[in-house]
Amino acid sequence: MRERRTADSSSSAADPSEGMGTLRLKREIGLISAVSLIAGTMIGSGIFMSPEWVLYHMGSPAGSLIIWAACGLLVTFGALSYAELGTIIKESGGDYIYILRNFGSLPAFLFAYTSIIVVRPASVAGVSLSFAEYAVAPFYQGCSTPQVVIKCTAAGCILFLTIINCLNVRLATAIMNIFTAAKLLVLLVIVIGGVVLLINGHTQSFQDAFQNTTAGIGPIGVAFYQGLWSYDGWNNLNFVTEELRKPEVNLPRAVMIAIPLVTCLYLLVNVSYFAALTPAELLSSGAVAVSWGNKVLGNWVWVISLSVALSSFGSANGTFFSGGRVCYIASREGHMPDILSMAHVRCLTPSPALIFTSAMALIMIIPGNFSSIVNFFSFTAWLFYGTTIAGLLYLKIKKPELPRSYKVPIIIPIIVLIASVYLVLAPIIDQPQIEFLYVILFILSGIIVYFPLVHYKRHPQFLQRVTLHLQLLLEVAPTAKNTN
């Protein structure tokens, strides 16, 4: 860890493409890739697994559909708010850099500490486990898949993504584009199948659709958690602002294209699920999309299993792509070890940060299961989303003169802030659990790390030698910002 490095730092290494210039990550992400990064990350395993849990907590098909629509509206408001932040603070890092610029070093460190060690790796691990579950299911028909096989497959997925993202940004974005197009086609197949079923009179799930609807604030909050898991990725573009071409234009434009598209598809897909399956069948299904395929596609159900696996893989790639940038930017600002802020001198990718994120995700796979990962991730994520949105409100009220190419009406971030407070407090108030205390204690434990290592800069003597050896081994060099 070190003092924050400025853009003109004399310690920056040379960019191979610019002689003795400064090493920077390239702006490789255009509008299509930006839309793919958002939509491709959002459309992962959640829409194929979470409908069962949303219905479980809401109790009725109509209540479930309302949650899905409300989740889409909430993340749309959130993404529009983040788009304004991205046009004011044109740096990569997403929530981390916004909290740092608005609230200072300690809150930003607590976000980075929690995100890098738990939240982002848990998200990558959760999606990779979903990929593994669907990928190996055809080899274990008629019996349950051994957990060791699922976890080893998930580990293989993470290692493969690490190699891709370390080699080339353009390769990683090309994979995102291809997989996003493929998963949109899969969702259209499910939507068309649902339309055919409704035309043929399969509407039994929509009769007395509000019966047994849950009204408690706790279950509704948990239902939101499960629904929002499927929308995770709505703010991913803000983590790579310095790699986005014309961010002042493409950031809000990509948000306005991707999120309404995904929200409409999610609603139609859920309607299709309810057209093919009764609520009881949906609740007893371990894999909703596969159960839908058995009812509608018959012998072609393998197409759904393959599509869900590929969709989860594409989403894991997007999550991994943006997650590594949090580690990279936090290190560049002096909140993590120096080595994590460096980029490969030829590939121009933040390979040390990506490798570290990969290692943490592999650790998360060992004890994890889908439901617990979702709840833990959602609780911590919305705690910091609310903090970030509060920063936008501060800028709108106290610093309205700051130049920005896009402005969101102030009522929108206010709604997102209220929703964030609800999502954090509702489950704790309704059903207090010791796990929530553990989460809070873990976040606060970052203070113990912050003061000696970051504030007072008390670093072990061997750390610099280790950094130099790793720099030679990984062929990486320090970088500077790319905010021009």
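A residue counts as buried here when its relative accessible area is under 20%, and as exposed when that figure is over 50%. I start with that cut-off because L348, at 8% relative accessibility, counts as buried. This is a predicted model, and that applies to everything I say today.

Let me stay with L348 for a moment. Its phi is near 55°, a positive value in a residue other than glycine. For background, most residues other than glycine have a negative phi. L348 is found in the loop between β1, residues 342-344, and α13, residues 351-365.

D208 also has a positive phi, of about 55°, and is not a glycine. D208 sits in the loop between α7, residues 169-199, and α8, residues 217-231. Is D208 buried or exposed? Its relative accessibility is 60%, so D208 counts as exposed.

One further positive phi, near 55°, belongs to K457, which follows helix α16.

That brings me to α16 itself. The helix covers residues 434-455, 22 residues in total. From first C-alpha to last it reaches 31 Å, close to the 32 Å expected at 1.5 Å a residue. Where does α16 bend? The bend is at V449, by about 40°, and the proline P452 follows within four residues. As for burial, the buried residues of α16 are F436, V439, I443, G446, Y450 and V454.

Next, the interior. As a general point, nonpolar side chains in soluble globular proteins tend to be buried together. In this model the largest nonpolar core has 130 residues. The residues with the most contacts inside that core are F48, Y96, W234, L237, Y273 and W382. Take W382: leaving out residues up to four places away in sequence, W382 touches L74, L228, W234, V416, S420, L423 and V424. There is also a second, separate core of 13 residues, and V124, C166, F320 and L354 are among them.

Last, the cavities. How many cavities of 30 Å³ or more turn up in a search of the whole structure? The search finds four.

Note on methods:
Residues are numbered from 1 along each chain as its sequence is written. This is a predicted model: local features need pLDDT of at least 70, side-chain atom pairs count only at pLDDT 80 or more; totals for chains, interfaces and linings use all residues. Side-chain values use heavy atoms; hydrogens and water are left out. Helices (H or I, at least four residues) and strands (E, at least two) are DSSP runs, numbered from the N terminus. The expected span of a helix is 1.5 Å times one less than its number of residues. The bend at a residue is the angle between axes fitted to the seven residues ending there and the seven starting there. Buried means under 20% relative accessible area, exposed over 50%, partly exposed in between (1.4 Å probe, protein chains only). A nonpolar core is a set of buried Ala, Val, Leu, Ile, Met, Phe, Trp, Tyr and Cys residues joined through side-chain atoms within 4.5 Å. Contact means heavy atoms within 4.5 Å. On a 1 Å grid over the protein atoms alone, a cavity is a set of points where a 1.4 Å probe fits but cannot get out, and a pocket is an open set with protein on both sides within 12 Å along at least five of seven lines; lining residues have an atom within 4 Å of a point. Grid points are joined across faces, edges and corners, and a volume is the space filled by probe spheres set on the points.
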